[in-house]
Amino acid sequence: MRISDIQRCEVRPGRLVEWTFSPATIAAAAALPPDPRPPAYIQESHIRTARSVREDGLFVPTWLGTAFDLPGQVDLDMLEQALRVWTLRHETLRSGFRWAGEDMHRFTLDEDDVALDRAVVGDFGDTHALIRYLQDRFDIAADALGWPNLIYAAVVREDSTSVYMAFDHTNVDAYSLQRIPDEVHELYRAGVTGRPAGGVPAGSYVDFCEQERVNADGIDDTHAIVARWREFIGRCDGRLPEFPVDLGLRPGEVLPAQKLMCEPLVDADAAAVFEAHCRPYGGSLVGVLAATSLIVHELGGQPVYRTVVPFHTRLRSAWSDSVGWYVGGAPIEVPAARDFDGALATVRAELRANRALARIPLARVLRLLGTDFRPTSPDMYSIISYVDARLTPGSADWPEKKAYGLLRVSYGDQLCAWVNRLHEGLWFACRYPDTDIAYRNVRRYVERLRDVITSVPAREDLRIAVSAPA
């Protein structure tokens with residue numbers, strides 16, 4: 001799925017309709033007793049950071065979302081039914097948190113208490129006015145410090161309807177967003193045609209949170225994983241790693257606004273050649289990290305590239321279709337290599353040695369380290385993420401459905417980049433501090449990444465395959 005923001009996801013005029021949890025649903029939630037299942041460490045860290053930044057006087061929206069089209073004239077009743085059925089599949093969407101002093105406690109609604117309230121906002125003839133409304137509305141309705149923290153919307157036209165779904169990050173990750181267009185479309189078609197809706201119940205992210213927390217709380221500061229993180233952070237001068245090029249920031253400055261850069265990186269043929277070259281070392285993820293290590297050495301001169309690599313934590317099949325924030329991080333260190341293949345070998349070795357560290361939430365590790373990582377930015381560290389999305393159900397239809405994964409780009413002092421492999425090639429998206437220096441260096445990084453990807457030699461059998469006529 002192409003990653004974008006609300007400004008660049010092909011928003012078109014039409015009649016805007018919204019769905020939120022009904023007043024009766026909100027009232028039922030307010031009367032609920034605590035759910036003994038705790039938040040995941042990553043959820044708690046996210047919410048505490050949002051509260052800390054808010055207390056410092058800055059409202060930093062961090063919602064994620066998806067956008068996609070339904071063809072033809074929509075049946076709003078059937079769409080509402082599809083949205084409710086989809087919501088009920090995923091327990092985290094009817095679960096939230098309350099503060100009790102400095103402690104967070106979960107509450108979770110029963111399925112029967114969940115109802116959607118539909119409202120017709122009105123007709124929008126101006127695209128820019130519609131974009132401004134959607135962004136402002138999602139900022140409030142999908143706020144990390146509020147509940148409910150999700151909202152659904154549809155822009156209705158005679159020939160098609162665009163569906164928008166926004167969530168606070170505590171509820172979703174990239175894998176969650178990628179599955180939504182196909183699942184909602186299938187539920188909608190089932191309702192319209194009168195056939196049974198397919199699919200099996202998804203595993204509960206709320207249950208996962210409890211299991212992960214039990215596992216994480218079972219280690220102490222003598223555990224080998226904690227020791228590895230202690231050594232890594234020590235070599236990062238006591239901090240989590242930043243992107244090692246100049247972003248035009250100075251110590252002590254207020255949290256800067258961010259910009260988004262998103263564009264095609266290479267086409268499908270070049271992506272296939274790159275994957276084939278990197279496969280002996282572990283594939284394109286290794287290749288993107290290896291290329292990045294070479295490029296940041298060119299741009300910033302650092303002798304070692306240190307970063308935290310995001311990995312999904314859906315280690316059981318029960319979680320494969322589940323909506324939630326199933327992400328952990330593993331640290332790697334890549335000394336400057338002589339060439340690309342040398343960097344590939346180093347990255348492969350680092351990932352093999354350290355990937356298991358992602359199974360223990362970093363927030364738990366930091367707590368055990370006793371270091372004062374006071375949350376002052378929504379991003380604890382810089383990331384370069386790679387996802388091959390081609391096996392996601394419905395992914396071949398994403399261009400036709402105008403399907404996007406949405407980022408809310410607001411404030412932050414880190415560089416976070418995503419490289420997604422789609423059927424049409426590699427797609428790049430990056431949010432970065434809004435400074436002239438950062439823009440120039442991100443632009444240089446993207447161009448050099450494209451150069452490295454397109455310069456790898458193709459195996460002869462693959463060269464023949466990609467050049468053959470269709």
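Residues are numbered from 1 along each chain as its sequence is written. In this predicted model, local features need a pLDDT of at least 70, side-chain atom pairs count only at pLDDT 80 or more, and totals for chains, interfaces and linings use all residues, while side-chain values use heavy atoms, with hydrogens and water left out.

The mean pLDDT of the chain (pLDDT being the predictor's confidence in each residue, from 0 to 100) is 94, and 96% of the residues reach 70 or more. Over residues 460-470, however, the pLDDT is below 50, and this stretch has 5 contacts in the model beyond near neighbours in sequence (contact means heavy atoms within 4.5 Å). Where pLDDT is low, the predicted coordinates should not be read in detail.

We turn next to the interior. A nonpolar core is a set of buried Ala, Val, Leu, Ile, Met, Phe, Trp, Tyr and Cys residues joined through side-chain atoms within 4.5 Å, where buried means under 20% relative accessible area, exposed over 50%, and partly exposed in between (1.4 Å probe, protein chains only). The largest such core has 66 residues, and Trp86 and Phe167 are among those with the most contacts inside it. Helix H3 (residues 76-89) gives the most to this core, with 6 residues; helices (H or I, at least four residues) and strands (E, at least two) are DSSP runs, numbered from the N terminus. Leaving out residues up to four places away in sequence, Trp86 touches Tyr152, Met165 and Phe167, among others. A second, separate core of 52 residues includes Phe340, Ala417, Leu426 and Val452.

The open sheet has 4 strands in the order S9-S15-S14-S12, with mixed pairing; two strands pair if DSSP finds at least two bridges between them. Strands S9 (258-267) and S12 (383-388) each have a single partner strand, so one side of each is left without a neighbour in the sheet. From one strand to the next, the twist averages 15°. S9 pairs with S15 (residues 425-433) in the antiparallel sense over 9 bridges, and Cys262 has Ala429 in S15 as its bridge partner.

Two helices accompany this sheet. Helix H8 (residues 268-278) lies across S9, S14 (416-422) and S15, running at about 85° to S9. Helix H13 (residues 436-455) touches S9, S12, S14 and S15, and its direction makes about 15° with that of S9. Axes are lines fitted to C-alpha atoms, for helices over the stretch in contact, and angles run from 0 to 180 degrees between N-to-C directions.
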